[in-house]
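Here is a friendly walk through one protein model, one topic at a time. Have your viewer open as you read.

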Amino acid sequence: MFTSDKRVLLLFLVCVYKSDGIENNPTPVVLWHGMGDSCCFSFSMGKIKKLIETLIPNIHVHSIELGSNLLEDVELSYFGNVNDHIQDACQQLANNEKLKDGYNIIGFSQGGQLARAIAQRCPNPPIKYMISIGGPQQGVFGLPNCGSIGPTICKYMNRILHYAAYLQYSQENLVQATFWHDPYREEEYREKSIFMAELNNENYINETYRENLQKLEAMVLIKFLNDTVVWPQESEWFGFYKPGQVEVIQPFNETRLYEEDRLGLRKLYESGKLHFIAVPGDHLQFTEDWFIEKIVKVYLM
């Protein structure tokens with residue numbers, strides 16, 4: 001429910017939007033949820049979808065769903081081959097006629113990484129703004145919060161990741177293993193990670209990936225300053241631990257990815273297309289007002 005103040009704000013934004021004369025042709029929005037979530041839960045992605053539709057009349061919002069129902073969508077946020085999941089999502093978007101002229105994509109947590117995978121691998125239909133809200137773009141080294149699956153399974157997954165993340169079976173069947181980035185085992189990570197290392201051009205430079213990222217109008221990276229879920233939180237801005245230890249963290253512009261420009265991050269940054277936003281609070285803890293002011297009004301309108 002919206003308070004009276006929020007209703008006034010919504011009415012004001014809708015009136016301003018219509019006065020621009022573009023209410024009949026807003027850029028569509030694609031959402032991709034995080035670990036343990038689904039496309040359409042009323043308290044998460046469903047709420048975000050409804051908010052955007054309320055603020056921007058006639059907009060098309062597509063929330064990516066894998067599997068044949070909400071339960072399978074949640075399960076596939078943990079299990080299966082992540083590259084197959086990305087291909088399925090790309091096919092969804094390619095088949096959606098309402099996206100053919102371009103869209104903005106917002107990925108939440110794990111979905112922030114997956115949204116970037118779409119931008120790099122599936123540039124048609126074209127993406128305008130790629131927005132990652134708490135997405136660990138350099139991977140993670142620690143999984144302290146396993147969402148809705150319970151503490152017992154969470155501890156089990158953590159143990160698997162620490163000792164078996166780079167086994168072929170883990171990489172092909174456990175989504176979180178594919179972005180497990182162990183700073184003590186950098187060579188093994190680069191060699192055996194079937195998703196994160198490949199997406200970040202760690203072993204060889206895929207020029208298509210670099211070219212596709214340059215097509216974005218902006219890549220927007222949101223970091224939560226008190227994040228206790230993503231380790232390290234600087235991964236949300238492409239920072240990470242300096243190789244071989246877990247004490248010193250390199251900001252994005254001191255990492256190998258940036259210094260060797262393996263993804264084109266330097267070019268994005270120098271052209272003003274790489275946007276950094278910091279949010280006080282824990283992982284994905286943002287207010288409706290913040291989302292309206294920093295995301296909807298700036299990037300979606």
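## A buried proline

P232 sits in the loop between β5 and β6 (240-241); helices (H or I, at least four residues) and strands (E, at least two) are DSSP runs, numbered from the N terminus. At 2% relative accessibility, P232 is buried, where buried means under 20% relative accessible area, exposed over 50% and partly exposed in between (1.4 Å probe, protein chains only).

Beyond its neighbours within four places in sequence, P232 touches F240, Y241 and I249, a contact being heavy atoms within 4.5 Å.

## How to read the model

This is a predicted model, in which local features need pLDDT of at least 70 and side-chain atom pairs count only at pLDDT 80 or more, while totals for chains, interfaces and linings use all residues. Residues are numbered from 1 along each chain as its sequence is written, and side-chain values use heavy atoms, leaving out hydrogens and water.

## The sheet and its helices

Six strands make an open sheet with parallel pairing, in the order β2-β1-β3-β4-β5-β8; two strands pair if DSSP finds at least two bridges between them. At the edges are β2 (61-63) and β8 (274-279), each pairing on one side only. From one strand to the next, the twist averages 15 degrees; axes are lines fitted to C-alpha atoms, for helices over the stretch in contact, and angles run from 0 to 180 degrees between N-to-C directions.

Helix α5 (residues 110-121) packs on this sheet, touching β1 (29-32), β3 (103-108), β4 and β5, and its direction makes about 145 degrees with that of β3. Helix α13 (residues 288-300) lies across β1, β3, β4, β5 and β8, at about 150 degrees to β3. Within the sheet, five bridges join the parallel strands β4 (residues 127-133) and β5 (residues 218-224), and Y129 stands opposite A218 in β5.

## Two disulfides

The structure holds two disulfides, each a pair of cysteine sulfur atoms within 2.5 Å. In the link of C39 and C40, the sulfur atoms are 2.3 Å apart, and the torsion of -95 degrees about the S-S bond makes it left-handed. C39 is buried at 1%, whereas C40 is partly exposed at 40%.

The sulfur atoms of C90 and C122 are 2.0 Å apart, and the torsion about their S-S bond is about 90 degrees, so this disulfide is right-handed. The pair links distant parts of the chain, 32 residues apart: C90 in helix α4 (residues 82-95) and C122 in the loop between α5 and β4. C90 is buried at 6%, and C122 is buried at 13%.
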